[in-house]
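Have a look around before reading on.

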Amino acid sequence: MLSLLPRISTLPASIYRKSACSLSTLTHNKIPEIFDLTSDTATQPTDDMFDIMKKASRYDDVYGLDGSVKALENEVAELLGHESALFCASGCMTNQIGLRLLLTQPPHSVMVDARAHVHNYECGGIAYHSQASVSPVVPKNGHHLTVEDVSINVITDTLCSAVTKVVSLENTLNGTIMPIDDIRRIREFTQERGLKLHLDGARLWNASQATGTPLKEYGQYFDTLSLCLSKGVGAPIGSMLVSSRENIKLARHLRKLMGGGWRQAGSLAAAAQHCIENVVPTMPETHRITKKLADAFINMGMRLSVPCETNMVFLDTANTGVSIRSLAESLLKENIFINNEPGNETRLVLHYQITEEAVDTIIKVASRLVEEAVPLEGTHVPRVLGTRINYPSAQV
């Protein structure tokens, strides 16, 4: 069964030591000796970041006193075209606080894409924090939710059901981009129906860089937005919640309630601001080499279970007879980490610390394994693996 959690716990201790030693000496411009494609959360803080962190302000953010945190919050709020923002520890926290702000009185429910992170990978937080049920919807187009999907799945039964109060979208989702026109149409519908709209924009930076759509153009359509800083942006930790000034005032209270008030957080905010300015512009290059890798896999006879549109490759090797375990073990010898899954499917995630040379090595190793393997007979059958749904029309 496919899990999106990294499978590196079985790596030899010597590899851990080598990784820690080599990565701890990185500067922003140096190349790591270990290339980790388990997630874009695997980026390593650089010496440049630590130098910037030393110069950050050192005041108490629980009381809103830290200048570096305020600078980050003001910059992100402006980028998204909203009044205010809140710096939090994780994307799970900013999603859950953002949804809690919009869910004020149960019984109520949240409509989501069936693959949504807020539904599948946030510990049941919507039920726990907001006393809300979730209505998962499978997009008819196999790619993203449309206004047609939303309109026919709104719950209005006030006798036996928890009515829909919030629609939560995700962009990117499994690395795929939700078109801005579809977001606009959904926003128009939710406004007509008096519904709130939240965005899990953990990788909205990738969508913006891939399409050339300014963050502000996305931001105008949502009541609350969550944007991660520790994924493709490359910051050591953190996520932003963006909304109105009134909402963020309450969000600061909810962050404290959830145990998320952090004191001298200025150093982390300064590193994040550095990454927004220096790492985000590198995303188009990451997307280019990701597409290069995906195309190479296809040319080997492998399949993609999800289209490759930004920095993720959802790989199915079954047709070639190559197992993910054999691929992972062979790549480990080249100091490249991927999820070591049983079976034939896995996810590879690229980020700014993955070089084109590393991609070329992956292609070389995979090509050799395909040449040595015995292809499997039969056709690919889309399956539900864990909680990640592979839609038949999503194959390319």
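How many cavities of 30 Å³ or more does the structure hold? There are 2 of them. Keep in mind that this is a predicted model. The chain runs to 396 residues, and 57% of them count as buried. Its secondary structure comes to 15 helices and 14 strands.

**The largest cavity**

- Let's start with the largest cavity, which has a volume of about 80 Å³.
- Its lining is made up of D113, H143, H144, L145, S168, L169, E170, L173, T176, I177 and M178.
- Sorted by class, those lining residues come out as 5 nonpolar, 4 polar and 2 charged.
- Which strand gives the most to this lining? That would be strand β5, covering residues 164-170, with 3 residues.

**The second largest cavity**

- The second largest cavity has a volume of about 40 Å³.
- Around it you'll find N206, G232, T282, M283, T286, N311, L350, H351 and Y352.
- This lining holds 3 nonpolar and 6 polar residues, and no charged ones.

**An aromatic pair**

- The structure holds 1 aromatic pair, and the two partners are F87 and W262.
- Their rings sit 4.7 Å apart, centre to centre, with 40° between the planes, and the pair counts as tilted.
- Where in the chain are F87 and W262? F87 is in strand β2 (residues 84-88), while W262 is in the loop between α11 (245-257) and α12 (266-278).
- That puts the partners 175 residues apart, so the pair links distant parts of the chain.
- Both partners are on the inside by the numbers: F87 is buried at 0% relative accessible area, and W262 counts as buried at 13%.

**Around L327**

- L327 lies in helix α14, which spans residues 324-332.
- Is L327 buried or exposed? L327 is buried, because its relative accessible area is 0%.
- Setting aside neighbours within four places in sequence, L327 is in contact with L315, V322, I338, V365, A366 and L369.
- V370 is 43 residues away from L327 in sequence, and the two are 9.7 Å apart in space, C-alpha to C-alpha.
- For the chain as a whole, take the contacts with a separation of 6 or more: 74% of them are between residues 24 or more positions apart.

**Cysteines**

- How many disulfides are there? The count comes to 0.
- C123 is in no disulfide, and the nearest cysteine sulfur, that of C92, is 5.7 Å away.
- C123 counts as exposed because its relative accessibility is 79%, and the cut-off for exposed is over 50%.
- C228 is in no disulfide either; here the nearest cysteine sulfur is again that of C92, at 9.6 Å.
- C228 counts as buried, with a relative accessibility of 2%.

**Cis peptide bonds**

- The peptide bond from P106 to P107 is cis, with omega near 5°.
- P107 lies in the loop between α4 (91-102) and β3 (109-113).
- Another cis peptide bond joins N171 and T172, with omega about 0°.
- Where is T172? Its place is in the loop between β5 and α8 (180-193).

**Positive phi angles**

- Q131 isn't a glycine, yet it has a positive phi of about 50°.
- You'll find Q131 in the loop between α6 (125-130) and β4 (133-137).
- At 45% relative accessibility, Q131 counts as partly exposed.
- N335, also a residue other than glycine, has a positive phi near 65°.
- The place of N335 is in the loop between α14 and β11 (336-337).
- Is N335 buried or exposed? N335 is buried, because its relative accessible area of 16% falls under 20%.

Terms used:
Residues numbered from 1 in each chain as written. Predicted model: local features only at pLDDT ≥ 70, side-chain atom pairs only at ≥ 80, totals over all residues. Heavy atoms only, no water. 1 Å grid on protein atoms, 1.4 Å probe; cavity = no way out; pocket = protein on both sides within 12 Å on 5 of 7 lines; lining within 4 Å. Points joined across faces, edges and corners; volume = space filled by probe spheres on them. Helix = DSSP H or I, 4+ residues; strand = E, 2+ residues; numbered from the N terminus. Nonpolar A, V, L, I, M, F, W, Y, C, P; charged D, E, K, R; others polar. Phe/Tyr/Trp six-rings, centres within 6.5 Å; stacked < 30°, edge-to-face > 60°. Buried < 20%, exposed > 50% of the residue type's maximum accessible area, 1.4 Å probe, protein only. Contact = heavy atoms within 4.5 Å. Disulfide = S-S within 2.5 Å.
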